[in-house]
Amino acid sequence: MAAGYVRPARPEDAGEIARIQLATWRVAYRRILPRHVLDNLDEAYLARRWGAAVQEPPSGAHRVLVAVEQAAQSYLVGFVASGPADADALAPEEPAEALGPDVAAVTDLLVEPRWGRRGHGSRLLAAAVEHWRADGLTRAVAWTFDADAATRKFLGSTGWEPDGAARALDVDDMLVPQIRLHVAIPETAEEISSADR
C-alpha cells in the first residue's frame with residue numbers, strides 16, 4: 001500500500017523538482033502556453049534555480065516543500081514554493097503596500113499528473129499552511145492561469161477564490177491571462193479541507 005508525506009526540500013532534490021515542473025507544465029499547460037515555449041524549457045537551468053531557492057532562500061519564511069510517494073520505493077511527486085508576498089504577487093499598478101506584511105504568496109504548487117488524485121496536493125497545501133501560521137501570516141494569494149481549470153478547482157475546493165486582480169503574462173509575444181486567488185489562513189489544522197489533488 002502506498003503512502004505519502006511532505007518534507008522540506010533538500011539541495012539534492014533540485015533536479016527532481018525541475019523534472020516535475022517540466023513534466024507537469026508540459027501536460028497541464030499544453031493548451032495554455034505555446035508548445036515551442038514548453039519544448040524549449042531548460043531543465044538544467046530550472047534545477048539551478050531550484051537549488052538556489054532551497055539553499056539560499058530570501059528569508060526563513062521562504063520555503064520549498066516536496067511531496068513524497070512512498071511504496072516499494074520513494075518518489076518525489078510534487079512540490080510547493082511560497083514565502084511572504086513580494087512585488088511578484090502584486091497586480092499591475094497595484095501599490096506595494098496592497099497585500100501587507102501578513103500575506104503569503106504561493107509561487108508554485110505542482111503535482112506530477114501521473115501521481116494526481118492521491119492526496120499529494122492537499123498534503124502540500126496543508127504543510128504550507130502550517131508554516132504560514134507559524135510565521136504569523138494570515139492570508140495567502142496565488143496567481144493561476146485563467147484557463148487552468150484544474151488548479152482553480154483544487155484551490156477553490158479549499159476555500160480560495162478570486163480577489164479581483166488580473167494580469168497577462170507575455171509569453172513569447174502571446175498574452176496569457178492570469179487571475180489571483182486568495183484565502184484566509186485557517187487558524188487550526190481542522191479547518192483545512194481534505195480536498196484531493
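Which hand does the crossing of α1 and α3 have?

What you see is a predicted model, where local features need pLDDT of at least 70, side-chain atom pairs count only at pLDDT 80 or more, and totals for chains, interfaces and linings use all residues. Residues are numbered from 1 along each chain as its sequence is written, and side-chain values use heavy atoms, leaving out hydrogens and water.

Let's start with the two helices. Helices (H or I, at least four residues) and strands (E, at least two) are DSSP runs, numbered from the N terminus. Two packed helices are described by the angle between their axes and the distance between the axes. Here α1 covers residues 14-28 and α3 covers residues 43-55; they pack at about 125°, with axes 8 Å apart. That makes α1 oblique to α3. On our scale, angles under 35 degrees are roughly parallel, over 145 roughly antiparallel, 65 to 115 roughly perpendicular, and the rest oblique. Axes are lines fitted to C-alpha atoms, for helices over the stretch in contact, and angles run from 0 to 180 degrees between N-to-C directions.

And the hand? The crossing of α1 and α3 is right-handed, meaning the near helix is turned clockwise from the far one by less than a right angle.

Seven strands form an open sheet in the order β1-β2-β3-β4-β5-β7-β6, and the pairing is mixed. Two strands pair if DSSP finds at least two bridges between them. At the edges are β1 (3-8) and β6 (161-171), each pairing on one side only. From one strand to the next, the twist averages 25°.

Helix α1 touches β2 (63-70), β3 (74-84) and β4 (103-111), and its direction makes about 90° with that of β3. Helix α3 also touches β2, β3 and β4, making about 110° with the direction of β2.

Let's finish on β2. With β1, strand β2 pairs in the antiparallel sense over six bridges, and Gly4 has Glu69 in β2 as its bridge partner. With β3, strand β2 is again antiparallel, over eight bridges, and Val64 stands opposite Ala81. Six of the eight residues of β2 are buried, so β2 is largely enclosed by the rest of the structure. Buried means under 20% relative accessible area, exposed over 50%, and partly exposed in between, with a 1.4 Å probe and protein chains only.

Note on methods: Contact = heavy atoms within 4.5 Å.
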